[in-house]
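Me: Please take a close look at one part of the structure below, then carry on from there to the rest.

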Amino acid sequence: MQIVVTGAVNALVLSSMYILVALGFALLLSIAGILNFAHGAIYMVGGYICYQFAVGFGLNLWLSLLVSVLIVGLLGLLLEKFCFRAFFGDMVNSIIMSVALIIILETTVNVTVGVYIRSIPQFASGIIRSGAISISAERIVTLIIGGILLLLFTLFIKKAKIGLEMLAISQDPVGAVLQGINIHSICALAFFMGCGLAAVAGCLMGAVFGLSPFMGDFILVKAIQLVILGGIGSTFGILVAGLIIGSIDATLPLFVTGAVTDVVGFGVIVVLLLLRPQGLFGRREP
Amino acid sequence: MNKANRKFSMWKGKTPTKAVIYVGLIIILFVLPLVTRSPYYLHILILTFIYIIATSSLRTIAISGQLSLGHAGFMSIGAYVSAVLAKELGWTPWLTIPLGGLATAAVAVLIGYPFSRLRLIYFSMVSLFFGVAILAVNATLSDYTGGAVGLIAIPPLFASSKLPYYYFCFVLLLLSLLALRRFEVCRIGMTVKTVAQSHWVASSVGIDESNYRVLALAVGCFFVGIAGAVYAHYNLVLSPNGFNLLASINLVIYMFVGGMGSFFGPLIGTATLIIIPELFRGIKEFVPYIYSGIMLIVIFLMPQGIASLLGQVKFWVANVRERKTVRHAS
């Protein structure tokens with residue numbers, strides 16, 4: 001019983017973190033038409049800023065989480081304005097741009113903080129007990145924050161006027177602009193939200209698994225897996241794909257060694273993609 | 001067209017100046033080791049040659065409309081197959097290097113047919129996962145491959161000197177470039193390009209789309225397998241970290257920075273991004289900044305890659321001249 005509950009909680013925690021990062025990645029892909037490989041590096045920077053404020057400056061942990069999200073969001077605004085605006089819809093040059101950003105961000109962290117693994121203090125310590133089952137409070141808090149953010153994000157996209165404008169741009173940029181939607185301010189907002197979500201995930205994962213300058217590479221692969229498996233342009237698809245991949249990653253290591261997990265996860269994705277080449281919930285391309 | 005011309009029809013349309021530049025470059029690179037003799041420079045050049053083969057093979061796949069983001073994974077197949085065969089069975093590297101290339105091509109054919117259903121970004125992403133999964137397979141077979149620790153004591157191709165390696169890699173580079181160029185300009189290469197431009201049109205005139213995609217993938221992977229195998233028998237140590245996601249993306253960056261539209265783009269891009277950062281070895285920590293600085297300069301000033309620079313300069317000059325003549329006329 002204990003192992004089932006722990007496995008389920010771990011699966012949900014991993015899924016929610018993957019989904020947070022993947023949502024930002026997908027937002028930029030569908031609205032700005034860029035493959036932002038730097039999303040993993042931004043997630044890493046979010047974790048390190050939170051670490052710096054919480055441990056280096058001794059700020060309250062929750063406050064430093066908020067500061068980290070704001071700083072990384074502003075970084076996102078700068079990226080939109082100075083780095084990516086020239087390359088909207090230009091796959092080749094936006095890939096070069098984002099890889100240059102990865103290198104710059106990782107090297108900066110390497111040079112200033114160092115390559116050693118750091119750890120953000122726990123957001124909530126202790127263990128929650130209920131009968132024979134005990135779960136670390138840390139994971140529950142992570143799960144709750146992730147769930148709330150996912151809910152807010154989905155409501156924002158589906159209900160708010162700006163969210164609907166984002167949907168319009170992702171469906172047809174030219175048509176959206178003709179309807180009087182300011183594409184640049186919407187893109188800036190998308191960058192702010194995407195980078196902010198990545199920073200939240202970076203802080204929470206940094207508390208659970210520790211920080212390293214290269215932690216972004218792993219989450220980047222996961223984010224891309226989610227987006228491709230769920231289907232480009234589908235929020236619901238990302239949620240479903242996140243649950244599938246998060247469950248695989250959290251439960252398979254209980255039975256087999258770590259490397260086999262990657263092979264199985266890859267196999268599942270390839271089989272699902274071969275059955276539906278446009279992703280589980282993606283629009284069929286023309 | 002006379003007979004001699006037809007024989008070298010791939011040079012058709014080339015002006016004599018271009019031929020002179022190619023021949024001059026080849027001669028300079030042939031004579032260079034006799035002049036410098038420094039093992040360090042030779043090492044950099046050998047690595048550049050090996051990576052040019054890898055990047056050019058990547059471009060051969062890319063012209064079929066499939067941008068492979070897991071190319072370092074294919075490179076690792078060639079490297080590990082050749083190294084393990086030579087080490088465990090004691091075969092000579094001269095035999096195992098081609099076998100490494102063939103093994104990579106075989107894997108490419110196996111995965112190519114299912115993958116040929118996926119288009120554009122979906123293919124890129126699945127090939128990216130493939131590159132990651134190859135590393136995982138590598139880790140599960142750690143009895144042979146050494147796992148995360150790496151594979152050591154690989155039999156060398158030549159005795160300790162770098163000079164024979166230099167000439168071997170250089171000749172291999174020339175042969176590979178000739179073969180890839182030949183593949184691109186022949187009828188098959190043209191068909192492959194057609195498939196990339198519009199698969200609807202290609203299917204409607206009776207071209208079997210997936211066969212040509214798989215063919216391009218197999219040809220590209222054969223050469224990258226060979227490059228990986230040569231790298232294994234040159235470096236004598238293999239670590240899975242050399243073939244991770246960042247290595248795959250680096251190959252793509254080499255190609256993009258050089259310019260995907262030109263055959264010599266991968267050559268220029270690889271040489272620029274390997275050799276220029278090496279000039280700044282004194283400040284080792286900050287070399288990545290220089291590397292990314294080159295990338296930024298290229299995308300902002302030469303959006304079509306460095307290979308397009310000559311054409312752009314011509315365009316600017318023509319523009320300036322035109323303005324002058326207009327001013328004269330008015």
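What span should the 15 residues of helix H13 (residues 265–279) of chain B have at 1.5 Å a residue, and how far apart are its end C-alpha atoms?

Reply: Happy to take you through it. This is a predicted model, in which local features need pLDDT of at least 70 and side-chain atom pairs count only at pLDDT 80 or more, while totals for chains, interfaces and linings use all residues. Residues are numbered from 1 along each chain as its sequence is written, and chains are lettered from A and ligands numbered from 1 in the order in which they are written.

The 15 residues of H13(B) should span 21 Å, and the end C-alpha atoms are 21 Å apart, which agrees. The expected span of a helix is 1.5 Å times one less than its number of residues. Helices here are DSSP runs of H or I with at least four residues, strands are runs of E with at least two, and both are numbered from the N terminus.

The buried residues of H13(B) are Gly265(B), Pro266(B), Leu267(B), Gly269(B), Thr270(B) and Leu273(B). Buried stands for 20 or more other C-beta atoms within 10 Å of a residue's own, exposed for 12 or fewer, and partly exposed for anything in between, with C-beta atoms placed from the backbone. Among the elements that cover these buried residues are helix H3 (39–62), helix H12 (245–258) and helix H14 (287–301) of chain B.

H11(B), residues 209–235, has 27 residues and reaches 39 Å from its first C-alpha to its last, close to the 39 Å expected. Because 23 of those 27 residues are buried, H11(B) is largely enclosed by the rest of the structure. After H11(B) comes Leu236(B), with a positive phi near 70°.

One residue to look at inside H11(B) is Ala232(B). Ala232(B) is buried, as 31 other C-beta atoms lie within 10 Å. Leaving out residues up to four places away in sequence, Ala232(B) touches Ala79(B), Ser82(B), Ala83(B), Ile154(B) and Leu238(B); a contact means C-beta atoms, placed from the backbone, within 7 Å. Val313(B), in turn, is 81 residues from Ala232(B) in sequence and 41 Å away, C-alpha to C-alpha.

Stepping back to the whole of chain B, there are 15 helices and 0 strands. A compact globule of 330 residues would have a radius of gyration near 20 Å, and the 21 Å of chain B agrees. That radius is taken over C-alpha atoms, and the globule rule is 2.2 Å times the number of residues to the power 0.38. Of the 330 residues, 43% count as buried. For contacts in chain B between residues at least 6 apart in sequence, 77% join residues at least 24 apart.

Chain A, by contrast in content, has 11 helices and 2 strands. Strands E1(A), residues 127–130, and E2(A), residues 133–136, run antiparallel and are joined by 4 bridges; pairing requires at least two DSSP bridges. Ile127(A) stands opposite Ser136(A) of E2(A), and in the hairpin, with 2 residues between the strands, Gly131(A) takes a positive phi near 70°.

Elsewhere in chain A, Gly202(A) lies in helix H8 (residues 183–209). With 34 C-beta neighbours inside 10 Å, Gly202(A) counts as buried. Its contacts, not counting residues up to four places away in sequence, are Tyr43(A), Met44(A), Gly46(A) and Gly47(A). Cys50(A) is 152 residues from Gly202(A) along the chain, yet their C-alpha atoms are separated by 8.8 Å.

Finally, where the chains meet, the contact takes 27 residues from chain A and 31 residues from chain B. Helices H4 (91–112), H9 (215–230) and H11 (258–275) of chain A are the elements that give two or more residues to the side of chain A that touches chain B. H4(A) gives the most, with 11 residues. That side of chain A divides into 22 nonpolar, 3 polar and 2 charged residues; Ala, Val, Leu, Ile, Met, Phe, Trp, Tyr, Cys and Pro count as nonpolar, Asp, Glu, Lys and Arg as charged, and the others, Gly among them, as polar.

Key
Contact = placed C-beta atoms within 7 Å.
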